[in-house]
Amino acid sequence: MSLTREQVADFQTYGYVIAEDVFTDADLAPVIAELEREIDRRARALHAEGKIASLHEDEPFERRYALLHRQCPDIGRRFDIMFLLGSAMFDFLRNDKLLDVVESLLGRELSCNPIQHIRAKMPWTGDDEQPAGYENVPWHQDAAVTSKDSEASEILTFWMPLVDATAETGCMEVMPEVFKLGYLEHQAEGGTTIVPKLLPGVKPVTAECRKGGIVIMNKYTPHRGTTNRSNIVRWSLDLRYHKTGAPSGRSHQPSFVVRSRANPDSVLKDDEAWRKMWREALDRPAQPIHRV
Ligand SMILES: O=C(O)CCC(=O)C(=O)O
Ligand SMILES: [Fe+2]
């Protein structure tokens, strides 16, 4: 499904747009099933080591991981796309409905950017806001986690919840129109975040998005996570795409062609080749990936 002209214009105007109902539950089911298998595998291994007492096998995807994580946070170690390298995830990175949306904004020569994550934001019952950290991110622009040589590249973020993302479950907040200011200096303290005195006083928008939708953001759009006050895990994927040939912002990690009119043979269809590229990249000495 391509974006409508109005959605494209909204994106150009505000620096973000929320496209609802792009995917059906069936489109997302293989990715969720792959995550469920991984969770089950890890739970059984930790159970065998005596680190998890109850497997909570009957709990749904939305709940089970939180109940396991509470018993042993180790279950979340390296729970991310580049470490799991699953076939269903690879297929989803190339999903036609997703790429039709990407093409609406970036044109016909498209590469999947290596900055991509699975996020499992746990329920939070504390009186305070859920602390900044991997599970709840402070105000930032995604440009902050790219190298400077990619300044001129349009690297767009496609954020997709695997459960309904609402103010209660901890959806994002975004600042409309602020992308026009370009890059704002970030600091490392408090998690990669915009230097507080540079944060514009713009009223944020609560970016609620039902499962099946996509929150699309410009790389200079400030956004943050909010507290998950529900009793389910706020599962999401955030993927990025750029125009083939443009610097990815992570030249030491694998980008790959997902769609090409000019050179259809360049499209990567082999998930084993994708795994190999990531394994080689992860084996190389760590490179600085953030600007701060
Ligand atoms: O998932 C979140 O709450 C924040 C995600 C984020 O910062 C991103 O996708 O770039
Ligand atoms: Fe972000």
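In which sense do β2 and β10 pair, and over how many bridges? They pair in the antiparallel sense, over nine bridges. Two strands count as paired if DSSP finds at least two bridges between them. Strands here are DSSP runs of E, at least two residues long, numbered from the N terminus.

Before going on, the ground rules. This is a predicted model, in which local features need pLDDT of at least 70 and side-chain atom pairs count only at pLDDT 80 or more, while totals for chains, interfaces and linings use all residues. Residues are numbered from 1 along each chain as its sequence is written, chains are lettered from A and ligands numbered from 1 in the order in which they are written, and side-chain values use heavy atoms, with hydrogens and water left out.

Back to β2. Buried means under 20% relative accessible area, with a 1.4 Å probe and protein chains only. H117 has D238 of β10 as its bridge partner. β2 also runs antiparallel to β11, residues 256-259, joined to it by three bridges. There, S111 stands opposite V257.

Now β10 from the ligand side. Ligand 1 has a shell that includes R119, W159, M172, S236 and D238. β10, residues 234-243, gives the largest share of that shell, four residues. β9, residues 223-225, also supplies at least two. By class, the shell holds three nonpolar, four polar and five charged residues. For that count, Ala, Val, Leu, Ile, Met, Phe, Trp, Tyr, Cys and Pro are nonpolar, Asp, Glu, Lys and Arg are charged, and the others, Gly among them, are polar.

Which side chains put a polar atom 2.9 Å from an oxygen of ligand 1? W159 does, and R234 does too. For R240 the distance to a ligand oxygen is 2.8 Å. Taken alone, ligand 1 exposes 290 Å², and the protein buries 99% of that. These areas come from the Shrake-Rupley method with a 1.4 Å probe.

Last, the metal. Which protein atoms are donors to the iron ion, ligand 2? They are NE2 of H140, OD of D142 and NE2 of H223, lying 2.1 Å from the iron. A donor is an N, O or S atom within 2.8 Å of the metal (3.2 Å for Na, K and Ca), and since water is not among the atoms, sites may look incomplete. In sequence, the spacing is H-x1-D-x80-H. H140 is buried, at 11% relative accessible area, and D142 is buried at 6%.

Methods. A residue is near a molecule or strand if one of its heavy atoms lies within 4 Å of it. A polar contact is a pair of N or O atoms within 3.5 Å; within protein, one must be able to donate a hydrogen and the other to accept it, and residues adjacent in sequence count only if both atoms are side-chain atoms. Buried means under 20% relative accessible area, exposed over 50%, partly exposed in between (1.4 Å probe, protein chains only).
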